[in-house]
Amino acid sequence: MSRRFWVFIEQEEGKIHPVAGELLGVARRLAGEIADELKQKNETAVVEGILVGHEVDDLAQEAIRLGAERVYQVDAPEFKYYLNRPYTEALKTLVKKYKPEVFLIGATTMGRDLAGAVATSLKTGLTADCTQLEMGEARGTNKKLLLATRPAFGGNVIATIVCKDHLPQMATVRPRVFDASPVNKKARGEVIKEKIKVTPDMLNAQVVEFITNQASAIKLEYADVIVSGGRGLGSPKGFELIKALADELGGVVGSSRACVDAGWISYDHQVGQTGKTVRPKLYIAAGISGAIQHKVGMQDSDFILAINRDPSAPIFSVATVGLVGDLYEIIPALIKKIHASKNKGGQA
Amino acid sequence: MLHALVGIKQVPDTTNIRIDPETGSLIRQGVPTIINPYDAHAVAAAVEWKRKLGGKITVITMGPPAAVSALQECIEMGADKGILVSDRKFSGADTLATSYVLAEAIKKIHEEDPIDLIFFGKQAIDGDTAQVGPGVAVRLGYPLITYAVNIREVNLEEGYALIERKTELRNEIIKTTLPAAMTCEKEIAEIPYAALPDLIASLRYKPQVWTADEPVAYDIAQIGLKGSPTMVFKTGTPVQHEPGELIKAAGTSLDKAVDLVLNKIMEHASGAPLIGGKK
Amino acid sequence: MSSKKIQFDVIVVGAGLAGSTAAAVAARNGLNTAVIERGQQPGGKNFFGGAVYTHALQEIYPDLWDRNPPLERPVTETGFWFMSKDGMVKATVQGGKLNNDPIDAYVALRARFDSWWADQAKSEGAFIIPKTLVEEFIYQDGKVVGVKTDRPQGDVYAPVVIICEGVNNLLTQKLGLIDHDIRPAATALGVKQLISLPAETINARLGLPSNEHGLAISVMGDVSMGMAGLGFLYTAEKAISLGVGVTLEALRKSGVKPYELLQRYLNHPAVAPLIEGGQLMEYGAHLIPEGGWKEMPRLYTDGVMVAGDAATMVNALHWEGTNMAIIAGQQAGLTAVEAHRQGDFSSKTLSAYQAGLKERFVMKDLYQYRNLSRFLDSHPEFMDIYPTFLNDALGMFFSGFGKPKKRLYKDILRTLTSRRPLLKVVGDLVSFGRTIIGI
Ligand SMILES: Cc1cc2nc3c(=O)[nH]c(=O)nc-3n(C[C@H](O)[C@H](O)[C@H](O)COP(=O)(O)OP(=O)(O)OC[C@H]3O[C@@H](n4cnc5c(N)ncnc54)[C@H](O)[C@@H]3O)c2cc1C
Ligand SMILES: Cc1cc2nc3c(=O)[nH]c(=O)nc-3n(C[C@H](O)[C@H](O)[C@H](O)COP(=O)(O)OP(=O)(O)OC[C@H]3O[C@@H](n4cnc5c(N)ncnc54)[C@H](O)[C@@H]3O)c2cc1C
Ligand SMILES: Nc1ncnc2c1ncn2[C@@H]1O[C@H](COP(=O)(O)O)[C@@H](O)[C@H]1O
């Protein structure tokens, strides 16, 4: 018998969301963590992808290259666009049929909409927005369970949650907290097509119009360089300076929540607990105090430069380097120097 | 006439949270509790539509007796009736058990006074799970619209609503039959500043209290700890990072400091030059 | 909504310690009492060192201990620390006269304490209206008959209003009870951090035998960087509160940023190890009205009384503000009751408020210390030279081994006289004494 580790392969408009690759990587690691235990019982663990959409054959192959050993594909016109009830029905039906052990879903807008509904209709437990996952023994069980760890109370506490007596053990997982495993171009795997019956009442809510907004186009989570501004900018105009530095570095603009709340910049730029988790190569925080809710969203960046005039600002506790001073003096100087060094670099 | 129902939760104000350094657990005492901010916006949206269409708003919360003050705040904003579902037997509930308790209570309310639209907050800021709203919708079999940012239209005669929601790539307008359930972002409505007489009336308001037995007789196996498949295995405080180097960058030291930092960045990012690279 | 007039017997502005006390006393004596508080809830934003004093709490609630007050630790050791740049002389007292039952002072955290204190007022029947700012008064025939709040239909009426708005006394100014805004030389800015640590760590580091022991310390010397001011340290159960207060004037003149001042204190070699590894729980700043007697507004007029910080009722040297606020609140509450009994709310009846306070430590102490604020301002040597001298002198005394002791004493004396002539020193001490005794 094999224990199934499932990953929802989120896709939209013919593209797989990067979080799916991250989750396939995690699922493989988790499967590895119980391999020994299973061997004794003559069992194996298998990582499988669940793909729902319309005309998504290519994506099934891509999911295999991203790490799925097998893909269950639900492919029909009703699934072209994401809708909660048909998708819920699809996942519920598949779970009932194949009884996976663990089911991971990205903690994206779509994933969180879906996971809550699926878990409730299966009457199983769901841990939201996880940042760490491992298989381990919990008190009173002699079986390895999914230990799902997540921040709570605004990031002040981290809690590890288990789901002991119900299957599957479900979790939504924050994009960008795990690394995707490298794409294996040669990977081969089975694709199993599944049929799901969609009844008219499941289509009681329908998308009637799309509104594409510019802001959503920035992909903060996956940027290499992010320059973020906080309330220390003093006014929305300060973001012009942030943007100038970001442009100079080929990066994108981020923000603390204080500025989003103040209406200085749109929510899509927010980094942190209730915004995006980011892990760029370079993160610059200017005029951000470093509340725990902000730090949890950026503290795993490779290099963090904090600029703040208060030497006791908590942001410095996560900074690789901290500059104590006025951002309105420091950033223009940075821009000038970078600009100059680039010109020099170009000539050499 | 609209009958809107709003599910709200009282939460500790997580901006003011305190952690016991010994046990790593939350010190609840002295931490102010507030109505979950998203829920307050949801109530505000419901009030806006009540003003447009006429009707009434029922607010429900499952929580401890102290949650009365959160319901009072909803009355202050313009809700008409508050129900507190409160019983020791409910304690330890996770989102699955919570959605059961709320769904059953809502069915009861619906029997007496049919509901058109259910509002939830996007998520509660204590747990940030965003699961209760979808859970209740599934249990009631209602269409679910999450991350709602704008209600364009509510047409009670023809039984539909147009709701704008936010997704990762875009916003979309959903046309849904009624009754439906939605979870709300803050943009859904501004929180009104109540007139003083309304505030005073709300401070005197006493909500109805429902227990695990009355008027809904709950299935013991589905509530509280017993009805919760997930359990907290352990808690801790987030890891503290090693602070890096602090450099003063003001006045005469500014130039040097900036140079130093740029060098460090270059060194660090050696594999992938970020600066002076392609442009 | 009905447009009925909102009418109470008495309105209290501000649910701080003064306000909730005034309301409790008024309500207990049968008045229909409203407390209007701008904060989300009472105490939410209130802020102090600090300690509260048992005598005042018990005077309002004789059954205090049955009410489970949220107090942190009793103050069982108290006194002064004299700080030099890198040293500290500690002069504290424990046991002896401090061994009263109950202990005279307790450390408290205001967010918890104030909301509990307000709950007690509620239990006496006071009605607390939060999230509402009082902006103006309503006059009739030149007399105050109510207040205007920032809410729609926000007028509230009562024949008598007790203003307990705290140090930022805009309403008191609006009434013309005082003719000027906060004076920078007579107002201190207190900045503090509350740092949480396990109780055992606090006990071990500060030499406290158990959680039933606590410290209340005033710190003098380098802590204020030569400016007129004091530092403090209080132990809560699982946290240490540390802060510095210096006058706004001195801050402005020196250009020192408040958080730099505090940071310097926290980094002091004798302080840093006390809080090492602790977690910052609260960081904030609040004004302290130190002008005392000389800056006091008129305390009453027709239909109005002013109590607590709003009336500069603080004894800066002893960090006593809460007890003055409470006793003044009580007196104002009682006066409102008496005014209702007589049906007369004119300043003639309300003058009983001030007369009552004159009989109590409140006015007596404030009068006695009336010159303190000016004295400290004009004697900066108390903030640097003397504490530093104390440190040097004791340091030399206890490290002068192998030196002829006579030379040692001379050296010690020279560390003082090189900074301030001996005659001046004597003069300083005498005038300090006079200031404190109040002659
Ligand atoms: C449930 C919950 C979720 C939250 N989620 C998030 C989240 O996802 N993301 C998030 O960011 N926050 C979040 N917050 C809010 C968070 O607690 C803080 O309030 C917020 O991060 C503060 O933003 P800030 O640092 O920009 O502002 P402030 O805290 O006001 O800090 C401004 C800083 O700028 C400095 N400064 C001022 N002027 C200058 C200058 N000229 N030069 C240099 N420095 C200067 C100041 O010293 C100060 O440190 C959340 C809060 C809660 C309760
Ligand atoms: C750093 C520091 C340390 C201190 N340490 C000590 C100590 O150890 N011991 C001690 O006894 N004292 C101490 N004090 C002094 C003490 O805190 C005050 O004297 C005391 O709090 C005064 O109480 P109050 O009720 O007059 O004012 P507050 O406690 O300031 O209350 C005023 C209330 O009125 C409300 N308010 C104001 N204006 C309006 C309005 N227009 N409408 C509605 N509401 C309004 C405010 O929100 C507030 O709740 C300290 C003070 C500071 C700053
Ligand atoms: N105990 C509760 N009572 C009523 N509504 C709740 C409760 N818990 C959560 N909700 C609603 O569900 C939303 C999401 O909560 P959560 O799933 O806990 O993040 C909240 O914004 C509320 O609208």
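Author: Five salt bridges are found across the interface of chain A and chain B, a salt bridge being a side-chain nitrogen of Lys or Arg within 4 Å of a carboxyl oxygen of Asp or Glu. One of them joins the side chains of Glu13(A) and Arg170(B), with 2.5 Å from N to O.

This is a predicted model, in which local features need pLDDT of at least 70 and side-chain atom pairs count only at pLDDT 80 or more, while totals for chains, interfaces and linings use all residues. Residues are numbered from 1 along each chain as its sequence is written, chains are lettered from A and ligands numbered from 1 in the order in which they are written, and side-chain values use heavy atoms, with hydrogens and water left out.

Polar contacts come next. Between chain A and chain B, 28 residue pairs are in polar contact, both residues at pLDDT 80 or more. A polar contact is a pair of N or O atoms within 3.5 Å; within protein, one must be able to donate a hydrogen and the other to accept it, and residues adjacent in sequence count only if both atoms are side-chain atoms. On the side of chain A that touches chain B, 37 residues are nonpolar, 29 polar and 23 charged. Here Ala, Val, Leu, Ile, Met, Phe, Trp, Tyr, Cys and Pro count as nonpolar, Asp, Glu, Lys and Arg as charged, and the others, Gly among them, as polar.

Chain A brings 89 residues to the contact and chain B brings 83, where contact means heavy atoms within 4.5 Å. About 7300 Å² is buried between the two chains, and carbon and sulfur atoms give 60% of that area. Thr109(A), Phe153(A) and Lys337(A) supply 9% of what chain A buries against chain B, more than any other three residues. Buried area is the accessible area (1.4 Å probe) that two parts lose on being put together, summed over both.

A ligand also belongs in this picture. Ligand 1 is surrounded by residues from chains A and B, so its site is shared between chains. There are 27 residues around ligand 1, and Ser256(A) is among those that come nearest; a residue is near if one of its heavy atoms lies within 4 Å. An N or O atom in the side chain of Ser256(A) is 2.5 Å from an oxygen atom of ligand 1. His294(A) places a polar side-chain atom 2.8 Å from an oxygen atom of ligand 1.
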